[in-house]
Amino acid sequence: MAQAKSKAKKIKPILKTNYLSHGTVECHNLARARRFYEEVLGFEVVQTSKISLMMRHGKGTIIACVETRRKTAAGVYSHFGLDVDDKAAVDEAHKLLSGARKEYGIKKITRPLVQHGTYSFYLIDVDDNWWEILENPKGGYNYVFDLKESNQDWREQKQGRTRVAKGKRQITQRKKKKAA
Ligand SMILES: [Fe+2]
């Protein structure tokens, strides 16, 4: 299949922004949500107002959580992904979460699956937010920006496994270069 080659294209955006500072999720009970973010997902959390908090996983993009009254309805494609090292770590996380499911009111935990080369599963928290636990090289999906663009269906990409491996290789090569 033909691959798009827009990398060389210089696009001049209308907006000139500096940084992707945050995304947001909603919850219905801030204290309950905070407990889940800290005790289950392992975020560093700080309360920012009567109805809001912010969480982060290392320095970078932050997720803000706002307590709302209305029913929230995020879908599977409105999720945040948390990376672990490998397939075994995904399975381990799945086991641990299944054990904690009742206590934290986790509504759904999907089966771990290989999709587009990434082994992962999803969970829906008590406030209907979707989270994904996935295997990824260090640095998350940043490696994708060093690869050729593709217009194939992401889900059906047979080369997914190869893509992840290639990403891992590139990171190793970069490290070697740095060390040399
Ligand atoms: Fe994802």
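The structure is a predicted model, in which local features need pLDDT of at least 70, side-chain atom pairs count only at pLDDT 80 or more, and totals for chains, interfaces and linings use all residues. Residues are numbered from 1 along each chain as its sequence is written. Helices (H or I, at least four residues) and strands (E, at least two) are DSSP runs, numbered from the N terminus.

Strand E3, spanning residues 52-56, pairs with E4 in the antiparallel sense over 4 bridges; two strands are said to pair if DSSP finds at least two bridges between them. The hairpin of E3 and E4 has 5 residues between the strands, and glycine 58 in this hairpin takes a positive phi near 75 degrees.

E4 (residues 62-67) is also joined to E1 (residues 22-27), and here the two strands run parallel, with 6 bridges between them. Along this pairing, glycine 23 stands opposite isoleucine 63, while threonine 24 has alanine 64 as its bridge partner. Strands of a sheet pair through backbone hydrogen bonds, either parallel or antiparallel.

Stepping back, 4 strands form an open sheet with mixed pairing, in the order E1-E4-E3-E2. E1 and E2 (44-49) stand at the edges and each has a single partner strand, so one side of each is left without a neighbour in the sheet. From one strand to the next, the twist averages 25 degrees (axes are lines fitted to C-alpha atoms, for helices over the stretch in contact, and angles run from 0 to 180 degrees between N-to-C directions).

Attention can now turn to isoleucine 109, which has its place in strand E6 (residues 108-109). This isoleucine counts as partly exposed because 18 C-beta neighbours lie inside 10 Å; a residue is buried if 20 or more other C-beta atoms lie within 10 Å of its own, exposed if 12 or fewer, and partly exposed in between, with C-beta atoms placed from the backbone. Leaving aside neighbours within four places in sequence, isoleucine 109 is in contact with His94, Leu97, Ser98, Arg101, Phe121 and Leu123, where contact asks that the C-beta atoms, placed from the backbone, lie within 7 Å. Serine 98 and isoleucine 109 are 11 residues apart in sequence, and their C-alpha atoms are 7.3 Å apart in space.

A last stop is aspartate 128, found in the loop between strand E8 (118-124) and strand E9 (130-135). Although not a glycine, aspartate 128 has a positive phi of about 70 degrees. Aspartate 128 counts as partly exposed, because 18 C-beta neighbours lie inside 10 Å.

Conventions. Two residues are in contact if their C-beta atoms, placed from the backbone, lie within 7 Å.
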